[in-house]
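Open the model in your viewer and keep the selection panel at hand.

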Protein chains: 2
Amino acid sequence: MKNILIIGAGLSSSTLIEYLLRNSVNFDWKITVADMSEETARLKVNNHENARPIKFDILDETQRNHEISNADMVISMLPAIMHPLVAKACVKYRKHMVTASYVSEEIKAMDKDVKEAGLIFLNEIGVDPGIDHMSTMQVLEEIKTQGGVMHSFKSYTGGLVAPKYDNNPWNYKFTWNPRNVVLAGQAAAKFLFEGKYKYVPYHKLFERTVRMNILGYGEFEGYFNRDSLKYRSIYGLNDVRTMVRGTLRRTGFCRSWNIFVQLGMTDDTYIIEDSENMTYRDFTNTYLKYEEDITVEEKLAKYLNFNEESHTMYKLRWLGLFENQKIGLRRATPAQILQHLLEKKLQLDSDATDMIVMQHQFGYNLDNKSKLKTSSLVVEGRDSVHTAMSITVGTPVAIATKLILSNVITTPGVQLPVSKEIYEPVLAELKLYGVNFIEEQVK
Amino acid sequence: MKNILIIGAGLSSSTLIEYLLRNSVNFDWKITVADMSEETARLKVNNHENARPIKFDILDETQRNHEISNADMVISMLPAIMHPLVAKACVKYRKHMVTASYVSEEIKAMDKDVKEAGLIFLNEIGVDPGIDHMSTMQVLEEIKTQGGVMHSFKSYTGGLVAPKYDNNPWNYKFTWNPRNVVLAGQAAAKFLFEGKYKYVPYHKLFERTVRMNILGYGEFEGYFNRDSLKYRSIYGLNDVRTMVRGTLRRTGFCRSWNIFVQLGMTDDTYIIEDSENMTYRDFTNTYLKYEEDITVEEKLAKYLNFNEESHTMYKLRWLGLFENQKIGLRRATPAQILQHLLEKKLQLDSDATDMIVMQHQFGYNLDNKSKLKTSSLVVEGRDSVHTAMSITVGTPVAIATKLILSNVITTPGVQLPVSKEIYEPVLAELKLYGVNFIEEQVK
């Protein structure tokens, strides 16, 4: 009998908890689901005989030590900033740990201790980061085996609304933390293109997009992620001349989002005076020049040099950016006001579901010819609980947990899923759950 | 015999030290000039009999307490961040203090203690802040006395090269800390215009300038300062409908500076990869799209939509932005690289001097008519030591010091020079030193 402790039973834990409970009978697992809310934990385990839902406070050291010392393996689905608390206790009590978050410098620094204790701390085994790493490494290995030499790697991922529920002019709904969406990209993006380092400041980010078609799902556009360069060493691509990572949206989104960026509405560093009594129309006007005898719509189109009859203006009108409706938020930043407006309009309906889209583009030389191969994935959510996000984050975490407990993954240390030992069995099983990459050779 | 302690003998202290030494015989003052470099302190006092130049370390508590306890009055010309160290010792040993810096929250919080000790801590008595406050308050008092009611206040200040030495296409040379010039404006500007709050993000700041002619010195342009609103309460202008403060440059400067902002070259938050071996041309190219068969100049003009034959392009060429010359700076940020390039070309020649330009614009109602009055100042430096900056910062500090020691300024507390007791005698004496505002009634 093995004890698994899952800390955090939020949205993205649903699929993870179900997988582990389903497998618990065969594998003889006892699963503790620990959450700030006992109610949430209880709902997620649905009275399963092998489950123990508990109220849990990560900052309570006694409880933390007690639960971790009683487990054989700990899965932290907490916000990334909390992982070190879990990790330290895992080292102390010699327990394996799995997370879906980016590995922090603090966790990386534990590598020696983790190895000495013979433990596995597996990080970045969600979707992005996670499935992106594994699917990339698998194709890179394939190309290498054929004798190909990589010269260019581009990779794009997006969380979007599923096509069936895509019924607004932005072709976008929040499927993830809205605050992170509003603040996304607020630092210069850096990447490598044809041997040249390229930097794009935030105010140009949504103007310099690229477009692509993916698996019959139509056209998408990608904007650059903050730092594409660090993946060169992680993927063993130190000699490539092009290295780009980006985020996907439906075509047309970035052009319109750019209006918010250009106006300054995504700024989270200052408070708008009297935001409570202002209307959304006032809020928009606050970023425009003072001019009489001209509407806010006309001023905006003139200021940012776009057509008043364009689809972009339609999207802004649809959102309510010109409405004489009170904002009602006290002492709010521009980003908070924008988020408040967007949340009213871009919320995923309770019966709707989402979609994860990913495409890697591999440029390589083989037999003196330059070749291009894509590897693409689309996962749609099954329903409003089994969202694409929950499936693609939770399933690889669950599979990896099983593989560690079954001694299939055995290499100790602070790990990312970039070694064959990890990505091969995880990707193989992910296919059974509809997480299936399609490779295409581009002519 | 009174002891005056001046801490900091840098560039802007020259005029201050000379003024006090010149008056020291009549007033029976002994003046200690304390600087990190004894050499600097010694050069500044020129063997004057009443001067005592010393090597001084503000972080040495023993020395700090010793010197401050022996003084009757302390002038801190240190970087603003150091003032609290001085202020605490001044409270402890009951000494007056004068600075030319913005008053910090920490110093403001000492008001009660300062008052109880019967001390005067006078801040913001340089040029900007300083002369701007005093000259504004004087005209406001005048308008009020006539029965006028203010509705609009705008104020602009700039430190520029004197016309005689203005011989480059930017019409600009560094007369102040170059790093501050490169980083200037990197936060949203906020102001009030015709009753509406207006916010301008950094990437729009240098596009939304206003132009004005000042005292026969030709045309200038102003860009908005970060926060114009806080001066409403300080100046007693809570009911005005327009409140704007800005920084002056020669016309055409902002349009060209905006190219750096648009590219992202003023960013100080990340390191450019391999900056050491890059050329300035590479650096420029790093912000442009990858395109073959087109020059960096052509790409830039296309990307930012300006004419390749424009004066802006000439200014950029003149600076060396397209030169195949190595940068040679290790692990440098974009802002550091840009500063390095600018410093080579925009340095004030050793025999050249600078100019301070200021204009306040007062809009008010009087006898049922709307009136506009300007109050303007231009001060040119006398020579490379007696720069306009040194004169306009040092002289009001020196005069205020004299007035405190002579019991003309007597109101205790943490003060700004906005009361008649301070601004009236200081402005009167400043006229003798060529700091003379010209009022004009605009038709």
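This is a predicted model: local features need pLDDT of at least 70, side-chain atom pairs count only at pLDDT 80 or more; totals for chains, interfaces and linings use all residues.

Residues are numbered from 1 along each chain as its sequence is written, chains are lettered from A in the order in which they are written, and side-chain values use heavy atoms, without hydrogens and water.

**Stop 1: the interface.** Select chain A and chain B. Contact (heavy atoms within 4.5 Å) takes in 32 residues from chain A and 32 residues from chain B. Together the chains bury about 2900 Å², 54% of it on carbon and sulfur atoms; this is accessible area (1.4 Å probe) lost on being put together, summed over both. In chain A, pick A:Tyr199, A:Glu273 and A:Tyr290: they lose the most area to chain B, together 24% of what that side buries.

Next, count 2 salt bridges between the chains. The term means a side-chain nitrogen of Lys or Arg within 4 Å of a carboxyl oxygen of Asp or Glu. Show B:Glu273 with A:Lys190, a salt bridge at 3.6 Å, N to O.

**Stop 2: around B:Leu300.** Select B:Leu300. Beyond four places in sequence, its contacts include B:Ile259, B:Leu263 and B:Phe322.

**Stop 3: B:Asp35.** This residue is buried (under 20% relative accessible area, 1.4 Å probe, protein chains only) yet has no salt bridge. The nearest side chain of opposite charge, B:Lys44, is 7.0 Å away; Lys and Arg count as positive, Asp and Glu as negative, with His and the chain ends not counted. Finally, find the backbone nitrogen of B:Ser37: the B:Asp35 side chain reaches it at 2.9 Å.

Definitions and conventions
Buried means under 20% relative accessible area, exposed over 50%, partly exposed in between (1.4 Å probe, protein chains only). A polar contact is a pair of N or O atoms within 3.5 Å; within protein, one must be able to donate a hydrogen and the other to accept it, and residues adjacent in sequence count only if both atoms are side-chain atoms. Buried area is the accessible area (1.4 Å probe) that two parts lose on being put together, summed over both.
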